Amino acid sequence: MNYKKYKKFETVKLKDRTWPDNEIVKAPIWCSVDLRDGNQALITPMKIEEKVEMFQLLVDLGFKEIEVGFPSSSQIEYDFLRLLIDENLIPDDVTVQVLTQAREHLIRRTFESLKGLDKAIVHIYNSTSILQRDVVFGKGKEEIKKIAVEGTKLVKELSQEFEGKVILEYSPESFTGTEVDYALEICEAVMDTWGATPDNKVIINLPSTVEMDTPNVYADQIEWMCKNFKDRERVIVSLHPHNDRGCGVATTELGLLAGADRVEGTLFGNGERTGNVDVITLALNMYTHGIDPELELSQMNHIKAIYEKDTKMEVPPRHPYAGQLVFTAFSGSHQDAINKGMHAYHERGQELWEVPYLPIDPADLNRQYEPIVRINSQSGKGGVAFVMDTVFGYQLPKALQADFAKAIQNISETEGEVSPERIYDTFKKEYIDNETPYKFIKQRLIDISDEGEYERRAEVTIEDRGVMKTLVGYGNGPIDAVKNAFNSQEDFLYTELINYSEHALTAGSSAKAAAYIQLRPKGSAVCEYGVGVHPDITTATIKAMISAMNRIHKYMKKEG
Ligand SMILES: CC(=O)SCCNC(=O)CCNC(=O)[C@H](O)C(C)(C)COP(=O)(O)OP(=O)(O)OC[C@H]1O[C@@H](n2cnc3c(N)ncnc32)[C@H](O)[C@@H]1OP(=O)(O)O
Ligand SMILES: CC(C)C(=O)C(=O)O
């Protein structure tokens, strides 16, 4: 690879830059260019119905400025705008924008397409970069400036005949490859020609048509322009970044720090080559800093579905905020931290979102029902416990979490990802449905307390390898009485209770309880959990105890 084939681009010299100390404190004016820059870059450009659907989505998301196409370039582009106008599909608070090269016949045709609108942004451009002046136009600086000025004159003239209001936008296209002082000279000439004033501002769009350098260099270019306009008040400074070096979002954010007022971009960053800047990421980056993004992005799956349908593009699984995997943690330590963080967030009822590894509450994007944690061989007990809790409602005690996670890891090591259903089935098989050698049949608990002495008699009927037995025991509470009923049998293992917990599993009249019992045979190191589920908590507890005993039997048999 011959890196000597390339050279670094000449950067603007800005010694007194202020942008590094600035902060983004409010949303910029957003302009969607999905229907123009996005559409022109598609393998199959959108059909009219798809354009209409996309336009409606953009309106619903809250865009107030939408570049709807390049009407002079083709009949479909022209017809689409006509349809929006003729069918009255443009809301009053939305301004449509149209792009055209700064060429007479294209500008005239553009104005024809606008008939009937009460306002529009007419966006003219010509390339101003050193390279394009040379290889595309073969023209010097004055001639290139003349293209912009002549184009502006014509837009002005046609605006005067136009019944609505025209806002002029001018782009020194390939701005990032243009000397800033020359870009400024053309932009000032355009504004002077237009007669720009603070009440009749011109949108000066400074595109990073090709991302040529690090985002700080673009920020320097923008700050330099902002500082050097003759009258900053007559300009709306607009950014239009592309993503050639993969820094489109950073470039835009730094451009905003540098003083820009407006951003042109697309949903999910569709657009020429590596795409335009992704407006959704920009807006949600602001949102997660407590800034109103002024876009309604809560129905993320819906936005993604329409986008994918109309553009035939796919949102990659790791795309910020929208990708299928971005609210999923596979690794154990992440799962553990998310699990604890979510619990703390809900328990504390705090207003501020603070959950490790999740910069945004998935619920804010209507993604709360997606599995946040997925289980593979890198997962630990936290992730398994999280799935059991959030998907199935079982709050596993710590020691059981570790024990059960081992069983799941054994599966994932051979089979890969383990689904929540598989996790639950395994849990049931391991801890609930253990019926050999002992099977629970029924129980009766009698209060035999006397003069302040709290005492219970437990009668537990079980099936022991085909034989029905009713065991009787006494204790100072149900668990004690039941345990003693088992321990009083000579042919049973004498077990000690190590741990007990229970909780309601479901709400309402059909509520069930889950009981967790950990037992250890006296003098043995074996320690097993059993789980019982039943509407009656005592029955759930007895079932858990029997399950734990059966697991001990199984384990001891295995160990010989
Ligand atoms: C960075 C961007 O995304 S800019 C937007 C780009 N989008 C598009 O181009 C999509 C729609 N475009 C089209 O369909 C066509 O380009 C049309 C219909 C607009 C124009 O088509 P054509 O006139 O056949 O060709 P083309 O666009 O290649 O223009 C060629 C001529 O226009 C000149 N030209 C190109 N851009 C501009 C401009 N912005 N202003 C003035 N002249 C220009 C070229 O120098 C060239 O001149 P030459 O023939 O004297 O050499
Ligand atoms: C027309 C201009 C703004 C453009 O699309 C670009 O520079 O990328």
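## Domains

The C-alpha centres of domain 1 and domain 2 lie 44 Å apart. Seven residues of domain 1 and six residues of domain 2 make the contact between them. What kinds of residue does domain 1 bring to the side that touches domain 2? Three are nonpolar, four are polar and none is charged.

This is a predicted model. The domain assignment sets domain 1 at 25–311, domain 2 at 332–429 and domain 3 at 438–559.

## A span named in UniProt

UniProt, in an unreviewed entry, lists residues 28–301 as "domain: Pyruvate carboxyltransferase". The span is 45% helix and 19% strand. Its end C-alpha atoms lie 24 Å apart.

## The recorded binding site

The unreviewed UniProt entry also carries the feature "binding site".

Asp37 has its place in helix 1, which covers residues 34–40.

## Helix 4 with helix 6

Two packed helices are described by the angle between their axes and the distance between the axes. Take helix 4 (residues 104–113) and helix 6 (residues 141–161). Their axes come within 10 Å and cross at roughly 25°. Angles under 35 degrees count as roughly parallel, so helix 4 is roughly parallel to helix 6. The crossing of helix 4 past helix 6 is right-handed.

Helix 4 makes the contact through Glu104, Ile107 and Phe111. Helix 6 contributes Gly151, Leu154, Val155 and Leu158. The residues of this contact divide into five nonpolar, one polar and one charged.

## Helix 13 with helix 15

Now take helix 13 (residues 381–392) and helix 15 (residues 420–432). They pack at an angle of about 95°, and their axes are 10 Å apart.

On helix 13, the contact is made by Val384, Val387, Met388, Val391 and Phe392. On helix 15, Pro420, Ile423, Tyr424 and Phe427 take part.

Conventions: Residues numbered from 1 in each chain as written. Chains lettered and ligands numbered in written order. Predicted model: local features only at pLDDT ≥ 70, side-chain atom pairs only at ≥ 80, totals over all residues. Domains from an automatic or database assignment. Contact = placed C-beta atoms within 7 Å. Nonpolar A, V, L, I, M, F, W, Y, C, P; charged D, E, K, R; others polar. UniProt positions renumbered as here; feature names shortened; annotations may be inferred. Helix = DSSP H or I, 4+ residues; strand = E, 2+ residues; numbered from the N terminus. Axes fitted to C-alpha atoms, helices over the stretch in contact; angles between N-to-C directions. Parallel < 35°, antiparallel > 145°, perpendicular 65-115°, else oblique. Left-handed = near helix turned anticlockwise from the far one by under 90°.
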